[in-house]
Amino acid sequence: MAPKFDRLWRDARIATLDPRRPGLGVIEQGAIAGRDGRIAFVGAAADLPADAQAVETISLDGRWVTPGLIDCHTHIVHGGDRAREFEMRLAGATYAEIAAAGGGILSTVAATRQASEADLVASALSRVDDLISEGVTTIEVKSGYGLTLESETRMLRAARALPQHRPVEVVTTFLGAHAFPKEVERSAYVRAVTEIMIPAVSKAGLADAVDVFCEGIAFSLDETRLVFEAASRVGLRVKAHAEQLSHLGGAALAASFGALSADHLEYAGEEDAAAMGRAGTVAVLLPGAFHMLRETRKPPVEAFRRHAVPIAIATDCNPGSSPLSSGLIAMNLAAILFGLTVEETIAGVTREAARALGRLVDIGTLEAGKRADLAIWDVERLAELPYRMGHNPLHGRVFAGK
Ligand code: DI6
Ligand code: FE
């Protein structure tokens, strides 16, 4: 019987990212077929069964196709913005002065606590639309601007509601351990996170993983360990904001818990890279935050390569340190500021970002059986994706075959 497809894309140049093929897994003169939202065929057009039929056949006129992009680290759900604080920083104010004037993470906490779930969804959607317009099909969203059980779960519910409004997959992360709320004593807050919030969020099925901001100005290494232990008790995978502003050891600790990823990593070193390589923990680089904070210390990319640490790139879209809602600009910044190759930048927002979310079985590459999430690009060379700044070459975007 002739194979029946819902849709067939022909005359495509395909970067499959299939790890069984070299480099980006390129197929020239390729074809992709979708059925029931999944990829039913991907390969050379010449290998398509001669009697294959599709309800709809689309010629891509030689355009490039990549997997739909994946933004694996965002704080896209939050109340308010910090434009006033940005103005103060440009006028020379220090972080401490801004915090004393009510700024910083806690000002976003105040704005987020005041926002209803509908407010949070509405404000997030404009940023989600920015990402979607550049071919993003999966977005990770963290909580962490509520810092009470009620407001953290409201953030997670808002994140989980986004796919009701847009064709996109959302993966949620509980980040109650982002900052210490003013009204609670430090150890009491750690207990609230580990004994109340993590079990409750897990029971409600609202989080896919647990994250900690492990930093001198946030959670100590010992506090981070307590949070990881609580996550492990309820069977949730962990990840960490680690070695962003100083070296505390969060990346190696995360690796010892089999973390999905360690993120930021400007102050990480050879030993951290070795531990991450052994554990299969992905290095998620966030060049938007590096840029906005005028950081000069760069993540140890050479060490990650030496220890075969997978490298992903994300926007870290948040109102303070990275008000960035462009995956393409994140790719450009990672190439220019951190020295990633074109192949690394493309793998970093597709295959390796899927790996960082524990979703590589289903997304991140173009292989038969995976969800049919495609980004179709009006470019001659894939290098144009990280090369051009402020130009959007997306021709089409397919989410789950549509
Ligand atoms: N690291 C960051 O750069 C952001 N969060 C984090 O853990 C900062 C978030 C903010 O400033 O609102
Ligand atoms: Fe972050």
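First, the conventions. Residues are numbered from 1 along each chain as its sequence is written, chains are lettered from A and ligands numbered from 1 in the order in which they are written. As this is a predicted model, local features need pLDDT of at least 70 and side-chain atom pairs count only at pLDDT 80 or more, while totals for chains, interfaces and linings use all residues; side-chain values use heavy atoms, with hydrogens and water left out.

I start with the core. A nonpolar core here is a set of buried Ala, Val, Leu, Ile, Met, Phe, Trp, Tyr and Cys residues joined through side-chain atoms within 4.5 Å. Buried means under 20% relative accessible area, exposed over 50%, and partly exposed in between, with a 1.4 Å probe and protein chains only. The largest core has 91 residues, and among those that touch the most other members are Ile-76, Leu-162 and Phe-304. Helix H4, residues 117-133, gives the most to this core, with 7 residues; helices are DSSP runs of H or I, at least four residues, and strands are runs of E, at least two, numbered from the N terminus. Where does this core lie? Domain 1 (4-67 + 364-398) and domain 2 (69-356) both give residues to this core, so it lies between them. The domain bounds come from an automatic or database domain assignment. Apart from this core lies another, of 14 residues, including Ile-14 and Leu-374.

Taking contact as heavy atoms within 4.5 Å, and leaving aside neighbours within four places in sequence, Ile-76 is in contact with Leu-162 and Cys-317, among others.

Next, Phe-257. This residue lies in the loop between helix H8 (250-256) and strand E11 (261-264). Phe-257 counts as partly exposed because its relative accessibility is 26%.

Now the backbone. Most residues other than glycine have a negative phi. Asp-11, in strand E1 (residues 4-15), has a positive phi near 55°. Gln-29, in strand E2 (residues 26-35), has a positive phi of about 50°. Asp-11 is partly exposed because its relative accessibility is 37%, and Gln-29 is exposed because its value is 62%.
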